[in-house]
Amino acid sequence: MFKQLLLSILIFSTAFTQVNIKFEKTVLKNGLNLILHEDHSIPIVSVNLWYHVGSGREKQGKSGFAHLFEHMLFQGSKNVEKGDHFKLIQDAGGTLNGSTNTDRTNYWEVLPSNFLELALYLESDRMGFLLDAMTQEKLDNQRDVVKNERRQNYENQPYGLASKVINENLYPPEHPYHWLTIGTQEDLSNASLEDVIEFFKKYYVPNNASLCIGGDINPKEVKQLVEKYFGEIPRSNEVEKLKPWIPELKENKYLTLEDNVKLPRIYINWLSVQHFTDDEAALDLLASILSRGKNSRLYKLLVYEKKISQDVFAYNNSAEISGSFSIVSTAKQGISLKEIEDVINSELEKIKLEGVTEKELELSKNETEANFIYRLQSLGGFGGRTDQLNRYNVFVGDPGYFNEDLNRYKKVTVSDIKRVANLYLKQNGKVVLSVVPKGKTELKAQ
Amino acid sequence: MKYLKYFLLLILFMSNLFSQIDRTNKPKEGKTPIFKFPKIQSFALSNGLQVKLVEYNQLPIIQMQFVFGAGSAYDPVDKSGAFNLLVRLLDAGTKSRSIFDIADEFEYLGTRFSASTSHDASFISILTLKKHFERSLSITADILQNSIFPDSEFHRVKDEVITSLLQQKDRADVTANKIFSKVVYAADHPYGKPVEGTEASLSSIDVNDLRELYKKYFVPRGAVLIVVGDIKRNELKKQLEKQLADWKNSDFKIPDIPNVQADFKPGIFIVDKPGAPQSQIRVGCLAVERNNPDYFALEVMNMILGGNFNSRINWNLREQKGYTYGARSGFTYRKKLGTFNAGGGFKSSVTDSCVSELLNEIQKMKESDISEEELKFAKNSILLSFPRSFETPAQIATQLANLVIYNLPENYFDEYLSRIKNISIKDVRAVSEKYLNPEKMSIVVVGDYELIKNSLEDLNFGKVQLLDPDGNPLN
């Protein structure tokens, strides 16, 4: 029934940071990837299920589907009444959630180990038999809920729509990273039951999913249970892989958004590179050198010395088919974003010319290494070990990619940092958004 | 042989065909696994510092948490925000290290240092790799004994806090919470004052105030150190004695927080947010202190009312009506009286319906018994989820910190489970009647005043009053 692919043994060495998480990967006949990770330290299990679909699979005019769909998966399936998914898991003392981004949708349960079968039953029922229970009424209700989610987390949040404007300007209208995962109010209103059904049939299939089960488990028994509950769900058409698509920005776009905010904020954005590339690691470390701690370049200049910014964050956000690098800073009262932008630009030019010091890079690497260990503390939930195993499996095909991943960071040199700063953080070819208090456009960057 | 092979294949095929499982019956749980609460080892250092250790060997890391028995409720009169400034400045320089020395050393080690305060307590947390324990402890020891609160850092951080207060006003949810506290507590009680202070209170704080508080409160006898990590008791004790031996006590004795006097302000309090697509609503009142014996019944009751996804409030307002992304209710427990409130963010056009639905659900809980099924669900979800809150070192440390702050015994976790198990429908009804009085609740709404004021007035729930974002009455 199962094809044995890989078996690894837990070794934890502290001398050199080596992260080896014990796991076993198999693939069911229907294509479902199964990863088992045994850990008996407390009597809980984590069931973590990834579908390799996110808003990156959406088409123009149909934005917000992958996420709306995530909501529909909590609305009951053939043998599970609306509301029962939550009820049964919580009645067992468990907890659960789901989330959607551009590239994947994940669902998880963490519960006492003696209730594992319940979670497998629920996950398999909605993978195999969701459409039997799908109704217009449920769709309408969840569409309203998602519209409220959008109001709460975007429209009624200060600076909440900045990411929308940035993505729309970094990416052309046909690019699936052009729109927010939550979609637009208009597209959500237009979503039909047929659209939702079609989406499910295409992407919510065992051969597009990866199931990671971890914690207080007996791997042999769990394999049988997974076969029992998931084995009968038929394989479907292969989902075509998305190709990398990093558009080119040849000029600078300066944009201004007036918002209900007290302080102006600048967002400087460049296109960068896809995840799991070497340059991603170098860009992550550069971001850390720019804004990580009190001694970081931009924090020290803007917040500490000149005191013109309230905060500054630099981050590289690499995803499956493209990526972007951003520097965001909130101005102190009365400070114009132009002033902040000038400081950022001249510091970037300095790094492009002179590079960074060995010490700066070492601090950033040390912090990255420590984080690799700290993030192993939780078994389940977003970012827990089972989520990480699934992430590596879905995107690089190897759940145990921890050390290779860490090595990408270890091998970055100061000359790499200088190189990626020059290559990606171009003087011409960025989107600069100024979010200013209503009526205060004079505070914008340009 | 050949035929046998085909026969076997046929059997296999048929069994696959008929292997469709019966999904109409939900699987039964297996045998309940045994969970033991982590073993707490307690000892004291020669300077009086109490230490509680839980050994944890899954990862080569150590979590330390210093819990100090005083927080912003002890801010000097008219200087609210002092404790918050103090904790933010703890790592801003010592007699021998500059702010950048400290930041660089911690970053080099990959150690995470953070300090925070609540009304009831203050915290210093350090998460370190085992191999860097000694060095991380040595920097921490320096911070505990030799912080100097440099003038320039004080002015910079104070200005940052004042700016962040301004930023908070942009956020409807944060504003709603702050205004709610201000409305339910009497004006002179520290619980009604924000931990971060106000622009006025911050401007009256001098750097010497912080130095004085540091000397008085940040002493070994005023703290408990919780350690969860890959270290043995003897090794820990040796290191702590070595590095904290010179940490001095003060003669100061921490006083009690004043009792909370009821000061009910009826009505609907609105903070205007023109054009807001949602209204943030809080409906609630003063409730109980953490050590109140009604705590257990209240936890069960709230689980049903608004403490989980399937709770009455969320089911009604999200899953039935689609008015919100999430609605909830909950208690805040403190050394002295905490609060109860229900609320969330709701579509602006239905603000009045949401206020009355929240009040209806509260009234229903008070007027009638919960069902057997609800009781079972609530108790199960509390009891069976308990082991999950002892997974990571930080979670274990938080559990222990609560014992410390609220003076609960070390066998409390077992007691907690048995107390919850014993709660009956009657107990839930009794606490509902005692604490949930809709006519004694205050209502706070942060939303579009012009759009919502008339319909809220029509609810006839007392006067609709407009407040500024600091909670002061307008018009």
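1. A residue is called buried here when its relative accessible area is under 20%. In this predicted model, A:Q388 has a relative accessible area of 7%, and therefore counts as buried. A:Q388 belongs to helix α13 of chain A, which covers residues 385-396. When its neighbours within four places in sequence are set aside, A:Q388 keeps contacts with A:R375, A:L376, A:G383 and A:F402.

2. Turning to the interface, 83 residues of chain A are in contact with 81 residues of chain B. The two chains bury about 7100 Å² between them, and carbon and sulfur atoms account for 55% of that area.

3. As for the polar side of the same interface, 35 residue pairs are in polar contact across chain B and chain A, where both residues of a pair are at pLDDT 80 or more. On the side of chain B that touches chain A, helix α5 of chain B (residues 151-168) gives the most, with eight residues. The residues on that side of chain B comprise 29 nonpolar, 25 polar and 27 charged. Salt bridges between chain B and chain A come to a count of 10. One pair that forms a salt bridge is A:K294 with B:D91, for which the closest N and O atoms are 3.3 Å apart.

4. Within chain B, strand β11 (residues 442-447) deserves a separate comment, as six of its six residues are buried and the strand is mostly covered. In a regular strand the side chains alternate between the two faces of the sheet. Both faces of β11(B) are covered, with B:S442, B:V444 and B:V446 buried on one side, and B:I443, B:V445 and B:G447 buried on the other.

5. The pairing of this strand can be described from two partners. Strand β7 of chain B (residues 268-272) pairs with β11(B) in the parallel sense over five bridges, and B:F269 stands opposite B:V444 in β11(B). Strand β8 of chain B (residues 278-286) pairs with β11(B) in the antiparallel sense, again over five bridges, and here B:R282 is the residue that stands opposite B:V444.

6. Helix α11 of chain B (residues 312-320) is largely enclosed by the rest of the structure, because seven of its nine residues are buried. After α11(B) comes B:G322, which has a positive phi, near 65°.

Conventions. Residues numbered from 1 in each chain as written. Chains lettered and ligands numbered in written order. Predicted model: local features only at pLDDT ≥ 70, side-chain atom pairs only at ≥ 80, totals over all residues. Heavy atoms only, no water. Contact = heavy atoms within 4.5 Å. Buried area = accessible area lost by both parts, 1.4 Å probe. Salt bridge = Lys/Arg side-chain N within 4 Å of Asp/Glu carboxyl O. Polar contact = N/O pair within 3.5 Å; in protein donor to acceptor, adjacent residues only side chain to side chain. Helix = DSSP H or I, 4+ residues; strand = E, 2+ residues; numbered from the N terminus. Nonpolar A, V, L, I, M, F, W, Y, C, P; charged D, E, K, R; others polar. Buried < 20%, exposed > 50% of the residue type's maximum accessible area, 1.4 Å probe, protein only. Pairing = 2+ DSSP bridges.
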